[in-house]
Structures are given as C-alpha cells and as structure tokens.
Number of protein chains: 2
Amino acid sequence: MLETYLLEQLVAVARTRTLSAAAEELHLSQPALSRSMKKLEDVIGVPLFDRQKNRITLNENGEEAAILAESILKQQNEMIEHLRALDRSRHTIFFGACAPVPTYTLPPLLHRLYPGMAISQDIRGEEELLAALESGELQLAVFHRQPEAADVAWVSYLSEKLFICLPPDNPLAKRTEGLYLADLGGLNVLLYTNIGFWYELCLEKSPDIRFLRQNDWEAFDQLVDGSNLPVFASDYFFRFPVPENFPERVAIPLLDEECSVTYYLACRKDEKKRFRALFEECAKQSGKMKVSGEPLHPEVR
Amino acid sequence: MLETYLLEQLVAVARTRTLSAAAEELHLSQPALSRSMKKLEDVIGVPLFDRQKNRITLNENGEEAAILAESILKQQNEMIEHLRALDRSRHTIFFGACAPVPTYTLPPLLHRLYPGMAISQDIRGEEELLAALESGELQLAVFHRQPEAADVAWVSYLSEKLFICLPPDNPLAKRTEGLYLADLGGLNVLLYTNIGFWYELCLEKSPDIRFLRQNDWEAFDQLVDGSNLPVFASDYFFRFPVPENFPERVAIPLLDEECSVTYYLACRKDEKKRFRALFEECAKQSGKMKVSGEPLHPEVR
DNA sequence: CCGTATTACGCTAGCCGTAATGATG
DNA sequence: CATCATTACGGCTAGCGTAATACGG
C-alpha cells in the first residue's frame, strides 16, 4: 500500500535534491530514507531515481511522482482541516442579527437550551443574513421583518422601541410625549457598538445625524458621563434597568412607526427540529410580552 | 500522520456499516479495526463515530470523512496508474502509420537504433495521426503526405506502388502495361489486414470494389491459394520477394498517380533530438532508393 | 577527506491476532 | 445466546538508528 509517510519523504527529497538534506529535514537517518525511497519505487512499481554510485537524482517518473504526491498530501491536510471545521461547527451555533439587542438576549437563552454549545454571533444586513442562513453559514438569524423565503422557518421574538436620551437643557428635551427622527437633524449622537439596521433607518429619516461610535464600554461610559451628548437608547435597557444608565439625560420615545420593531428569529426549515425548543421558548416569551401590554415607560432619574 | 491504511479501513467501515463486516472484508480482526478507528479519530482530532455499548455508527464527521477518504484513495490509485503508464511510455516508442507497409519496415529499424525499447504501433487516418502526434500520444507517425504543422518535423521515408494481382484468365490480366483503379469496378479483392488510407483511395476511385478482408495470415494464404480472387499487392512485396507470393496471378501496376506514394516519417520538433539517428537513417535509405531509380518491376511466376 | 548513497545488523514501536469481557436484542 | 464492540496481552513485522562500506569531487 502507498503509505502517506512515503509520499511525505518523497516530496522532501524532491525539494532538497539530496537524501541527506531531506533526512535532516525529516529528522530521519539517511539509511532510513534510502530504504524508504527504494520501498516507494517498489510499491509504485517503477523506478523514480537515477542512481549513480554517489548521487541520487529524480528521473522523469520521480519528478512527476513528487508533484502528484504533493497534491495528495495537500488533499489530506485539507481533509483534516475540513473535518475539524465541520466538528467545530457542530458544536457551535452560528447566529446573526440585524441589530444589537438580539445579540444580548439570545445567547443566554441558547446557553440554557443547548448547554455545551459554543455560540458565534455577528450583526449584518438583512439580505446578507438571509443568504448566510440559506447557505448554512448561519444556523439562526434575527430579522426585523418577516423573512420571506420558502426554506426558512421563523417565529416572532422580541419587540424593541428606540428612544433618544437628551440632556435636560436641550430644547427638544421638553417634548416628552415623543419626537420623530426627522427632528434630530444636526445632532451628534453617541453610539455604543454597531447598531445594525438602525443606522440605515436613522440615516434615511434624518440624513444629517452624526454618529459617534465607540466600541469600548469603559470609554463609552466616560463619554456619556463626561459630556452632554445625546445617546440613542432602547426600551430594552429600561426593561432591565442598569443603575446609572444615561445619567443626566431625559429619555424621549421616537414616534416613527419604524422605531418600534418586532424581531423575527429564523432558521432553515431542515433544522426546525433541532431548534424546536428554542422556537417554543421564543413564542412563550413573545406571548408573555404581548400579555404584559405596552413596553414599560422608562424611568429616568 | 494520516496514513493510507487508516483511510482504507474507514471506507470499508463506511461501506459495510459494522466493524465486524469491515474486518472480514479487510482480512483483519475486529479488535484491530476498532483500534484503527480510534487512532484515526485521534489523528484527525475529531470524533467520527457515535458509540453505543454494542453498536458503532458514523456520525456527521465520519460520513464526510469517508467520502473524502475515498477521494484520496482514488487519487492515490490514479497516481500509481499514471506513473506506471508514464514509465511504460518511457520504454516504448508509440508510432502510427497511415498504411501497413511502414509498420513492417519501421520496427526492425527502431529495434536496431533503440535497442531495449518496446514498440507499439497501429494504423490510423492521417488527421488522427497528426492529432495523436501533437498530443504526445504518438512519438512517431508515418504520413503519405508531407505533414503540415508547425511543431512537427519530418523526413521522406519510403515509396510504395500499388499493384493488382489478377488470375491469368481474367480479361484485365492482359493489360500488363497497367490499369487504373477505375478499371477494377465490381471486382472482389482479397486483402490482408487493414490497409489504411489505401481503402479510402480505392473507394473514391472505384466505389464498387468489394474488399474481402482477412486478418489471419494462414487463412489469407489459404484463400489466395484456394481461389482465383484478385489480390492487392505492393512493390514492397516484390522488393523483398517471398517465394510463392500470390501464385498463379499476374501483377499489374496501377497507373493512378495516387497509387505511387512517398511516405513521410514525422515526430514532434521537441523530440527531434531523440530521433536524430532514426531520421538520418531514413534519409540515407530514402537517398539510396532514389539512386537505385524506379522501384523494381516485380517478378511473378 | 568530507559529503553522499548503500549495506549490514540489531532494536523497538506499532500494528496485529487471540482471548476475554461487556452489552444488546 | 448470538452478535457486536471494547479491553488486555503477547507476538511479530516493518521501519528506524548506528556502524561500516563504497564512491567521488
């Protein structure tokens, strides 16, 4: 049988052009390599070398063999890589979302329902999400519109409302009944992280908003504390209030209908069974939310 | 290292779905196979099987691995086949000719000039010859026209004249000065072997000639002896007379100009060096032929 | 002489088989 | 209890290293 170690040794010889150099590279003795090459010729059944007394050279067969051997070794390595990647993916749930909030809420749920699974997540545009879901790159995706694709199953998941937190001395802060995105033109707004589809939405409704994005929590907090810049916020933060969130600011709801969204959690239909428990849990939570009525009005100090 | 025997064992397990069946197929004990599969998982670094106490099944990784393993084994076998073919071709001169006579004359010459080389030959159409020569499938080809291709070198080789041998009582046998192919319409003509381009030529000039082809020498001789059927012949047979060739018949030369041909021996220009000796020998023989003047007029008893 | 390939010889790692054990239907 | 997988143990093959040999620039 044509064993792999023979191929590996052959390509080393082909690269170094001498047995001794190849032997050193392979951490092998010269005699061992000499024998291996004889054995390889024996297994393949054709001479691969021209042998002078003191020198060994690949002949035409050998040159060709070395090329083919390299390709086989490459294929073997790819096999190993591929299988390792496959196995990793079998122990990882890959999900993507169109906005940050689902990336906060989904992982705890997934950890509870699928203990031991790793979770990999990111934020992407909706078209990209759908393509990745259908290709299998993602197992789960969260949209803010019902995904329309024949091979995709979904359940409504969360709802979220966007707020703008303004310093009390800002004239707009008086409008506690609510504002429209269009009213925010010209504002510099602080943002933590990538906010997904919200960004396009804001830009569409109020093209001259300027975002100051900050990915580091600590730096972001310092900016919030040390400035009176407006900050976008979500009812998500008010439902689970974190003390000292957005101090010295007034939270004003945004009244555009696009600023109240429902999220939809989706998977490929062929994985419906796998995520049955998750979907049921989401339906339950979604139901509870509906029962509890309108999102809480935020408390702000 | 991912050794070949492990891959071979994996595909056997994948095919038979149980270790014991695979072990039997591989002429191996079950424990050995059990260990091998463990080792394989160890080498690749991912589990390939679901193990119940009494049953082992390929998991998703394993199914994929088996497919990849099969492909690698296939590539290895192709490597061996390819190298054996390459080596054979290095010890064989492949030539093709458009007619039988060069296949009689060339092998002795090749054996003399390239001792130890095997010779493989066949008769083909000219276009096919040229394609095979250019692709490297053939190293040498004999045409009856000068081959016109930029990457082909050639030398004029032999000349041959076609004769028709008729029974003396055939009315055409009186025309000892010669006949045209067109005169032979309606004749049944005996043939030994595939005559290459001559066949198309005869058909073109005299569409209703009927060929009785016989590939066995002995049977052919019996037919010649036991019938008075006309037989095609070539001055080649008269130059090196074989006693009792075409007994009881009269050889009449064919006067169509296409019935006197010169052959051209060709190789790819990149192999010119390898066949230099051969080409020189051919040029010498060709020159001698020219010096000796017209082909001998055949003697027929 | 030093570098390189091959031959000779003994060692050992690793692969295999037999036997025994455990689990399942 | 027949079948299948795993574990335990001992044997042996085959690949390895060391040492010695041979050849060449």
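I began with the two chains: 24 residues of chain B are in contact with 24 residues of chain A (contact: C-beta atoms, placed from the backbone, within 7 Å). On the side of chain B that touches chain A, helix H1 (4-16) and helix H4 (60-90) of chain B each supply at least two residues. H4(B) gives the most, with 16 residues. I sorted the residues of that side of chain B into 12 nonpolar, six polar and six charged. For this, Ala, Val, Leu, Ile, Met, Phe, Trp, Tyr, Cys and Pro count as nonpolar, Asp, Glu, Lys and Arg as charged, and the others, Gly among them, as polar. Helices (H or I, at least four residues) and strands (E, at least two) are DSSP runs, numbered from the N terminus.

I note that this is a predicted model, in which local features need pLDDT of at least 70, side-chain atom pairs count only at pLDDT 80 or more, and totals for chains, interfaces and linings use all residues. Residues are numbered from 1 along each chain as its sequence is written, and chains are lettered from A and ligands numbered from 1 in the order in which they are written.

Next I looked up helix H3 of chain A, residues 30-44. Its 15 residues should span 21 Å at 1.5 Å a residue, and the end C-alpha atoms are 21 Å apart, which agrees (expected span: 1.5 Å times one less than the number of residues).

Which residues of H3(A) are buried? They are A:Leu33, A:Ser36, A:Met37, A:Leu40 and A:Ile44 (buried: 20 or more other C-beta atoms within 10 Å of its own; exposed: 12 or fewer; partly exposed in between; C-beta atoms placed from the backbone). These residues are on the same side of H3(A) because they cover an arc of only 100° around the axis (directions from the helix axis to the C-beta atoms). The face turned away from the buried side carries the exposed residues A:Pro31, A:Arg35 and A:Asp42. I found the buried residues of H3(A) packing against several elements, including helix H2 (19-25) of chain A and H4 of chain B. Just after H3(A), A:Gly45 takes a positive phi of about 95°.

I then checked DNA strand D: of the 19 residues around it, A:Ser29, A:Lys53, B:Leu19, B:Pro31 and B:Ser34 come nearest (near: C-beta atom, placed from the backbone, within 6 Å). H3(A) gives the largest share of this surface, four residues.

Last, I looked at A:Phe232, in strand E9 (residues 231-234) of chain A. A:Phe232 is buried, with 20 other C-beta atoms within 10 Å. Its C-alpha atom is separated by 6.6 Å from that of A:Leu191, 41 residues apart along the chain.
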